[in-house]
Amino acid sequence: EYGEFQTFQHYFKQINLSCVRMLGLEFKIPEMDFEGQKMAEILQYVILGVFGIAGFIWGYLCESFEQTFYVVSVGSLVASLVVLPPWPAFRKNPLPFHHSEAPVKPKKVIQKKKKN
């Protein structure tokens with residue numbers, strides 16, 4: 001599960017970096033932090049719930065399931081536009097990363113054999 005996400009994310013970054021290199025531009029892809037992901041998930045449930053209830057009521061009043069479907073579809077679109085992009089509100093608590101250190105090469109220990 002997690003490995004597939006890493007592979008997809010790596011693939012997306014590779015495509016993005018190659019396009020950036022061709023255009024001669026450089027930018028960093030903003031990413032949500034953990035608190036932003038939690039807030040986005042809650043916001044998604046609230047938006048879909050509100051539009052679901054509103055769609056049910058509107059469809060009931062119009063006596064049309066088609067109207068319910070339209071309202072819920074608009075709610076899905078609104079939730080996608082609000083939650084999917086990494087808006088600055090979702091990036092307020094970045095994790096502090098440590099800088100990588102140069103790897104230390106292990107020294108080879110040569111043992112001398114004792115002569116008998």
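Phenylalanine 56 is exposed, and tyrosine 60 is exposed as well; exposed means over 50% relative accessible area, buried under 20%, and partly exposed in between, with a 1.4 Å probe and protein chains only. Before going on, a word on the source: this is a predicted model, where local features need pLDDT of at least 70, side-chain atom pairs count only at pLDDT 80 or more, and totals for chains, interfaces and linings use all residues. Residues are numbered from 1 along each chain as its sequence is written, and side-chain values use heavy atoms, with hydrogens and water left out.

Back to the rings. Phenylalanine 56 and tyrosine 60 sit in helix H2, four residues apart, about one turn of the helix. Helices here are DSSP runs of H or I with at least four residues, strands are runs of E with at least two, and both are numbered from the N terminus.

How many aromatic pairs are there? The count is two, where rings of Phe, Tyr and Trp (its six-membered ring) pair if their centres lie within 6.5 Å; planes under 30 degrees apart are stacked, over 60 edge-to-face, and the rest tilted. For phenylalanine 56 and tyrosine 60 the ring centres are 6.4 Å apart and the planes are at 20°, so this pair is stacked. For phenylalanine 69 and tyrosine 70 the centres are 6.3 Å apart and the planes are at 55°, so that pair is tilted. Phenylalanine 69 is partly exposed, at 48% relative accessible area, and tyrosine 70 is partly exposed too, at 43%.

Next, aspartate 33. It is in the loop between helix H1 (2-23) and helix H2 (34-62). Aspartate 33 is buried but has no salt bridge, meaning a side-chain nitrogen of Lys or Arg within 4 Å of a carboxyl oxygen of Asp or Glu. Which side chain of opposite charge is nearest to aspartate 33? That is arginine 91, 7.9 Å away; Lys and Arg count as positive, Asp and Glu as negative, and His and the chain ends are not counted. A polar atom of the aspartate 33 side chain lies 2.5 Å from the backbone nitrogen of asparagine 93. Beyond its neighbours within four places in sequence, aspartate 33 is in contact (heavy atoms within 4.5 Å) with Phe90, Arg91, Lys92, Asn93 and Pro94.

Finally, the whole chain. It has three helices and zero strands. Of its 116 residues, 12% are buried. Among contacts between residues at least 6 apart in sequence, 58% join residues at least 24 apart.

Definitions and conventions: A polar contact is a pair of N or O atoms within 3.5 Å; within protein, one must be able to donate a hydrogen and the other to accept it, and residues adjacent in sequence count only if both atoms are side-chain atoms.
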